[in-house]
Amino acid sequence: MARGREIEIVVADDAEGAARIVAERLAEAARAGGHIVLTGGTTPKHAYELAAELEQDWSGVELWWGDERCAPADDENSNYNMARVALIDRVSGAPKKVHRMRGELGRDAGALAYEEELGPLHRFDLMLLGLGPDGHVASLYPDQPTLDVTDRRVIGAEAKLEPFIDRVTLTIPMLRAADEVLFLVAGADKAEAAKRAFADEPSRTTPGSLVRAVDGKTVAVLDAAAAALL
């Protein structure tokens, strides 16, 4: 465990260990209650499954999403659908409220709808994020104008990686607006991006490097392969 540039780095032996560390933190957050932001992608799926095993009562929690693909809620590309199968449907105490991003509306209408869904909420208790091999975070991609948006909480974004589906995403200020920002990163293909995001200077070429909690803590949990260059 190490600290650097306002981030705590936690390295597990393998992807299973990294998923379990994050699952334990999710279970702890579920017990505390509050507003938890989930992420999509393949890496967190197992963490959600483990979190459901560790804690069955999520009734004090409101769930949100950092980004979503513009696909139906039951589509295999839906971040919500993945979390529903891996976590929500596995717990006996259902979340107080599930704030799904309505990607099926399209990127612009979906973003406006989520702005309304957020209402007066401007801060979360726990923000779970992944990191792409290119350094992207949520659906904010390298060197894109979306990185400069500060007057919106939610925006539409064009996909830059497969699957090439438009996205709805929280903006950088909202990703940073949490008591804890928690990254989960696994795999050797993420090692270079992890170095740029967590060890190098902040850069628009690596959006993950721009996300640190404001008035909170930032933790990155990595497996040994992803942490190889740190």
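Modeller: Buried means under 20% relative accessible area, exposed means over 50%, and partly exposed lies in between, computed with a 1.4 Å probe on protein chains only. This is a predicted model, in which local features need pLDDT of at least 70, side-chain atom pairs count only at pLDDT 80 or more, and totals for chains, interfaces and linings use all residues. Residues are numbered from 1 along each chain as its sequence is written, and side-chain values use heavy atoms, with hydrogens and water left out.

Colleague: What makes helix α3 mostly covered?

Modeller: Of the eight residues in α3 (79-86), six are buried. They are N79, Y80, N81, M82, A83 and A86.

Colleague: Which elements do the buried residues of α3 pack against?

Modeller: They pack against the strands β3 (34-38), β4 (61-65), β5 (67-69) and β6 (97-98), and against helix α2 (43-54). Contact here means heavy atoms within 4.5 Å.

Colleague: How do you know that S78 caps the N-terminal end of α3?

Modeller: A side-chain oxygen of S78 lies 3.2 Å from the backbone nitrogen of Y80. A polar contact is a pair of N or O atoms within 3.5 Å; within protein, one must be able to donate a hydrogen and the other to accept it, and residues adjacent in sequence count only if both atoms are side-chain atoms.

Colleague: Why is the pair R152 and E115 called a salt bridge?

Modeller: A salt bridge needs a side-chain nitrogen of Lys or Arg within 4 Å of a carboxyl oxygen of Asp or Glu. The N to O distance between R152 and E115 is 3.4 Å, so the pair meets the rule. R152 lies in the loop between β7 (124-129) and β8 (154-157) and E115 in helix α4 (residues 107-118), so the bridge ties together parts 37 residues apart in sequence.

Colleague: Is E115 buried or exposed?

Modeller: E115 has 16% relative accessibility and therefore counts as buried.

Colleague: How many salt bridges does the rule give?

Modeller: The count is 14. Among them, K195 pairs with D200 at 3.1 Å, and K160 pairs with E158 at 3.8 Å. K195 is partly exposed at 26%, as is D200 at 25%. R25, E28 and E180 are linked in a network of salt bridges.

Note on methods. Helix = DSSP H or I, 4+ residues; strand = E, 2+ residues; numbered from the N terminus.
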